Amino acid sequence: MAQKYKKITIPITKPYLDGKEEKLVARVLRSGWLTQGPKVIEFEKKVNEYTRTKYAVAVTSCTTALFLALKASEIKEGDDVIVPSFSFIATANSVAHTGATPVFADIDRRTYNISPLSIQEVIKSGYKFDNTKKALVNNTTNNRLRAIMPVHQVGLPADMAAIAVIARKYKLLVVEDAACAIGSEYKGKRVGAHSPLVCFSFHPRKIITTAEGGVITTDSKEYAEKITALRQHYMTVSDLARHKTGSIIFESYPEIGYNFRMSDVQAAIGIAQMDKLDMVLMKRAAIANAYNKAFVGHPYLDVPYVPAGYKHNYQSYLLKVKNESPVRREEIMTRLAGAGIATRRGIMAIHQEPAYASAKTIINLSVTEECALSTMTIPLYPQMNKAEVNSVISEIKKCFNRKKHSDG
């Protein structure tokens, strides 16, 4: 018989919306221009100004952003891309959709981000330099290693300096999965400005939202033009451009592209959201600090680790239940659900999912596997009040107090 839970009163997250989004969306609806148009351009400009990059291209999701970034880089069948297994499955899927193969690396135990040492281990264990192809070639599949896709897990930047050194050494591309990382910073620069191609998500579970949507940032005019064309069937003249001319223009389609366009309705939401991004980051940081203060030094819980020079945006608050804990993660999650508090498992291990059951791993992914079983996310959203935050803290601590009393 399924266990009955109390109605959830403290969800895992909520998008921060107010009347501004509604007003901007209403204006778009009244304008009659609903598809990709002037509001998408305005939203893109806000993103590239915030990330301090030259170009931003809005698309339907971060998954399609990653796919287009790889396509623009000419990643294809017969290529390999190193990715962390400890990520949402979209990271690997975006590689697989190009025909290339995701090759899994392990993570750093403290940051949950792809480990530069693990990347090196993957390369040394699985590849040799082929003088004919002038590239690293997989010992088993004969695929060329072409790129590294670091993920800024739950908003904490990956070690981009170390990854850049590896990429230069082996002549590999870097495409950042920054789905969770808008507003995060690495060594004084906002995420979005460290690599040639960086992809963000604006799903409702992220820091800010466009309902569904993604953006690619780049300083390369060539990449920006290529991705802009690819997202709209490789159309040489956009609908908006034809509309503005007031004359007869026939577009052409020199290559096969895709329909990955963001609508002006979504962009209007994003414009309002960008205007409150700094405030949202501040509120999330305050809640995360309350959690840190409550749980730091706990004998059975690890709080998020933030290295010096990094700014975490706390897209999610990840708690790790230590191996020696007398209370398992699932037990904590069950008890919180009973108190009306939502939780989620931390991050999946992609290589253990059925979709990738046949994928061969080059190295041991023991840290990924351990963290996939022991991490959990707890509620964090800007609208949380002190009483709700304290309730989450109290209920988590009760889990261990109950166990102590029952053992006594």
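Helices (H or I, at least four residues) and strands (E, at least two) are DSSP runs, numbered from the N terminus. The views below show a predicted model, in which local features need pLDDT of at least 70, side-chain atom pairs count only at pLDDT 80 or more, and totals for chains, interfaces and linings use all residues. Residues are numbered from 1 along each chain as its sequence is written, and side-chain values use heavy atoms, with hydrogens and water left out.

**View A. Y112 in the loop between β3 and α5.** The loop holding Y112 lies between strand β3 (101–105) and helix α5 (116–126). Although Y112 is not a glycine, its phi is positive, at about 70°. Most residues other than glycine have a negative phi. With a relative accessible area of 6%, Y112 is buried (buried means under 20% relative accessible area, exposed over 50%, partly exposed in between, with a 1.4 Å probe and protein chains only).

**View B. K171 in the loop between α6 and β7.**

View C. No disulfide (a pair of cysteine sulfur atoms within 2.5 Å) is found in a search of the whole structure. C199 counts as buried because its relative accessibility is 0%.

**View D. C399, a buried cysteine.** The relative accessible area of C399 is 0%, and C399 is therefore buried.
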